[in-house]
Amino acid sequence: MTRRNDFAFRIAEAVARGEAKAAYVVEDSLARIAARDVDVGAFTEVLAERARRKAAAIDADRAARRVLRPLAGVPFAVKNLFDIEGWPTRAGSKINRERAPARRDGALVRKLEEAGAVLVGALNMGEYAYDFTGENAHDGPSRNPHDPTRMSGGSSGGSAAAVAAGFVPLSLASDTNGSIRVPSSFCGLFGLKPTYGRLSRAGTYPFVDSLDHLGPIARSVKDLALSYDAMQGADADDAACRPSSLALTAGELTRGADGLRIAVADDYFAHGGFPEAFAAVERVARALGAARRITLPEAARARAAAYLITASEGGALHRRQLAIRAADYDPDTRCRLMAGAMIPASWINDAQRFRRWFHDRALEAFREVDIIIAPATPFAAPKIGQKSFVLDGVEIPMRANIGIFTQPISFIGLPVVAVPAAASGEAPIGVQIIAAPWREDLALRVAFELEREGVSQAPVAAAFL
Amino acid sequence: MNPDDIDIDAYVATAAPTVGFTIDPQYREEVTRQFTLIARAAALLHAADDATWREEPAPVFTPGPHV
């Protein structure tokens, strides 16, 4: 028996009960990737033999009546900036393919496999994660399974496309300025960007160390919660990973949104997008009974400061390679990194001071409310290759502005669940459910409530059923 | 350096060697365009109405996350 297009938690339940073999589930995933990824471009490596060995071990444990772990037999894949033992960590680049193979898996890959999940491959991404589109000059674009002429979103485009196409029920991604939330929005999925410092980034290729987060993308909130719970824990190999006790969430989901103070972000977050972005926010707000509005002051400047820090840290990371191999960079990445490497230190010092100030203003807002709702993207997925859009009669560059609503939030490390919230029959678009630092549990509870009420659903794209 | 006053062409021409690379002429125009966007962002921050953030302590090393 296979579990085609099932949620991760249902696969694990079926494997644990003996209703499905992990080997069959994994073979089905591999077969669909082989047959249909040519239409999507989500995968850059498929690890068939490794996955078969892992699945066989799980089935052997089941046959021996050993207790199976919570994600037993669940196929998953990771953005190709995660280390995978025996493979160079390419991070979407041409240059990194020449790196030595990783000597062991990244920390979160190990944790998911310890929880029983089965790694089946590595996923396409924007070069060095400096991207909101899902396009890549070296590997081609990862396409949106709901409409392959449209962007998957980036930089974790493959991570979203693989889940939306039903190749895997779960993927891992990174988010520096929106790279989990943007592709989740464009592909109609649930994505969790935890609090900065919550999950270990050890064994991944960095982009902006002071802004990088890792997290899961899935088609159900329970899958997000189960995988997030499995990945928690301090890690001395990541200096930013906070040594804290586990804050497990899967068992809390059914508490829903009752008693939570929920507000819609106004001011900056109520402008600069297309009508579908704000309609999605209102749909979510209505479902949650959230009439209150709240302002995060100076959010436009928060985005500007995030932009400066991103360009500067990213440019500094690549400075030496830019000196000798500029021609090997993706044209959409190269000159932004060069410009970033030249930013005066005083500008970054100002941006960091502002970061602390904006963080304190956000904490003040969270004394008034528990959850803030905001758009995830200013529009639904644009066409692949589209370079600009017109808003209120003004032509605006596409690439940098896809993240206008996500950047101010990750700038101060707040936890966010991106939930799908498009009207029936419309192109996917998402909404951010934002909580105070370390309160992923509240954002997940609200997302679960929206899923339970049918407001947020993340089906496999129709062409892949 | 005040981002409103900077001569971007001149700055890009002189700054690249100080950070270790030269800009191939075929990339110069796009690097300058990108630095113009960066300078605009810096100018926006510089012109903040509420400048109390300038009184925040300078960034210091903290062993752990910033939040």
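Predicted model: local features only at pLDDT ≥ 70, side-chain atom pairs only at ≥ 80, totals over all residues.
The contact involves 47 residues of chain A and 39 residues of chain B. The size of an interface is often expressed as the accessible area lost when the parts come together. Here, the area buried between chain A and chain B is about 3,700 Å², and carbon and sulfur atoms give 71% of that area.

On the side of chain A, the residues that lose the most area to chain B are Arg301(A), Met342(A) and Trp347(A), which together account for 21% of what that side buries. Helix 9, helix 10 and helix 11 (345-368) of chain A are the elements that give two or more residues to the side touching chain B. Helix 11 of chain A provides the largest share of this side, with 13 residues. By class, the side of chain A that touches chain B comprises 27 nonpolar, nine polar and 11 charged residues.

The largest pocket holds about 1,000 Å³ of space. Its lining consists of 39 residues, and Arg303(A), Tyr307(A), Ala400(A), Asn401(A) and Leu37(B) are those lying nearest the centre of the pocket. From chain A, helix 9 (299-325), helix 10 (331-341), strand 12 (388-391), strand 13 (394-397) and helix 12 (398-401) each supply at least two lining residues, as does helix 2 (25-46) of chain B. Helix 2 of chain B gives the most to this lining, with seven residues. The lining of the largest pocket divides by class into 21 nonpolar, nine polar and nine charged residues.

Side chains of opposite charge can pair when their charged atoms come close. Over all chains, the count comes to 35 salt bridges. One salt bridge joins Arg50(A) to Glu113(A), with the closest N and O atoms 2.9 Å apart. This pair links distant parts of the chain, 63 residues apart: Arg50(A) belongs to helix 3 (residues 48-63) of chain A, and Glu113(A) to helix 4 (residues 107-114) of chain A.

Two features of the backbone of chain A concern residues in loops. Most residues other than glycine have a negative phi, and most peptide bonds are trans. The peptide bond from Gly154(A) to Ser155(A) is cis, with omega near 10 degrees. Ser155(A) is located in the loop between strand 5 (147-151) and helix 5 (157-164) of chain A. Tyr128(A), although not a glycine, has a positive phi of about 50 degrees. Tyr128(A) is located in the loop between strand 3 (118-123) and strand 4 (143-144) of chain A.

Definitions and conventions. Residues numbered from 1 in each chain as written. Chains lettered and ligands numbered in written order. Heavy atoms only, no water. 1 Å grid on protein atoms, 1.4 Å probe; cavity = no way out; pocket = protein on both sides within 12 Å on 5 of 7 lines; lining within 4 Å. Points joined across faces, edges and corners; volume = space filled by probe spheres on them. Helix = DSSP H or I, 4+ residues; strand = E, 2+ residues; numbered from the N terminus. Nonpolar A, V, L, I, M, F, W, Y, C, P; charged D, E, K, R; others polar. Contact = heavy atoms within 4.5 Å. Buried area = accessible area lost by both parts, 1.4 Å probe. Salt bridge = Lys/Arg side-chain N within 4 Å of Asp/Glu carboxyl O.
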